[in-house]
Amino acid sequence: MLALLSGLGLGFSLIIAIGAQNAFILKQGLKQQYVFWVCLICSVSDTILIYLGVTGFSKVLNRYPEIIIYAKYFGATFLFIYGIRSFYSALNQNSALKPSLIDKSSLMKVIGVYLAFTWLNPHVYLDTVILVGSISVSFKDSLYLFTLGVMLSS
């Protein structure tokens, strides 16, 4: 039971920091667009990444660090471009969120942007694969409960 609670605690502590991924989810919630699909894809993506971290994918990343390098540069480029677009969008509109003025994005566009926030974000790999993976080693006897706790918090 301690392993499950430790996993929950670790997972919640990682989620509480509002990064690009969480900010996008909150934005979709405020816009009331495809919230179910974004949350479902978020949960599945996080579950996959947590599983990879716990099962030793961090060893692969240590052996092939260029994976992190490519993800870092692609992710930084994506986040920079998205940030610039958001900055210009904010300059051209009122600061108030008016539901009647919200552009309706297609589901595929929203999912594509979300997947980029998740899979191109080096911070996600550091949290789920490296950090969770390295902490999971100390729960050898109850690895499944720890992993379940982290996944449930997601």
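**Figure 1. Lining of the largest cavity.** Eighteen residues, written 18 in the count used here, line the largest cavity, and Leu 14, Ile 15, Gln 21, Asp 46 and Asp 127 lie nearest its centre. The model is predicted, so local features need pLDDT of at least 70 and side-chain atom pairs count only at pLDDT 80 or more, whereas totals for chains, interfaces and linings use all residues. Residues are numbered from 1 along each chain as its sequence is written, and side-chain values use heavy atoms, with hydrogens and water left out. The elements that give two or more residues to the lining of the largest cavity are α1, α2, α3, α7 and α8, where helices (H or I, at least four residues) are DSSP runs numbered from the N terminus. Of these contributions, the largest share, four residues, comes from α7. A cavity is a set of points on a 1 Å grid over the protein atoms alone where a 1.4 Å probe fits but cannot get out, and lining residues have an atom within 4 Å of a point. The largest cavity holds about 270 Å³ of space, a volume being the space filled by probe spheres set on the points, which are joined across faces, edges and corners. By class, its lining has seven nonpolar, nine polar and two charged residues (Ala, Val, Leu, Ile, Met, Phe, Trp, Tyr, Cys and Pro count as nonpolar, Asp, Glu, Lys and Arg as charged, and the others, Gly among them, as polar).

**Figure 2. Lining of the second largest pocket.** A pocket is an open set of points with protein on both sides within 12 Å along at least five of seven lines. Twelve residues line the second largest pocket, and Val 54, Lys 59, Gly 133, Ser 136 and Val 137 lie nearest its centre. Two or more lining residues come from each of α3 (35-54), α4 (57-63) and α7 (122-136), with α7 giving the most, three residues. About 170 Å³ of space lies in this second largest pocket, whose lining comprises three nonpolar, seven polar and two charged residues.

Figure 3. Leu 4, in helix α1 (residues 2-15), has a relative accessibility of 16% and counts as buried (buried means under 20% relative accessible area, exposed over 50%, and partly exposed in between, with a 1.4 Å probe and protein chains only). Leaving aside neighbours within four places in sequence, Leu 4 is in contact (heavy atoms within 4.5 Å) with Leu 145, Phe 146, Leu 148 and Gly 149. The C-alpha atoms of Leu 4 and Gly 149 are separated by 4.6 Å, although these residues are 145 residues apart along the chain. Among the buried residues of helix α8 (residues 143-153) are Phe 146, Gly 149 and Val 150, and the buried residues of α8 pack against α1, α3 and α7.

**Figure 4. Aromatic pairs.** Four aromatic pairs are found in the whole structure, where rings of Phe, Tyr and Trp (its six-membered ring) pair if their centres lie within 6.5 Å, and planes under 30 degrees apart count as stacked, over 60 as edge-to-face and the rest as tilted. Phe 24 and Phe 117 form a tilted pair, 5.3 Å centre to centre with 45° between the planes. Because Phe 24 lies in helix α2 and Phe 117 in helix α6 (residues 107-119), this pair ties together parts that are 93 residues apart in sequence. Phe 24 is buried at 5% relative accessibility, and Phe 117 is buried at 3%. Ring pairs link Phe 24, Tyr 114 and Phe 117 into a cluster.
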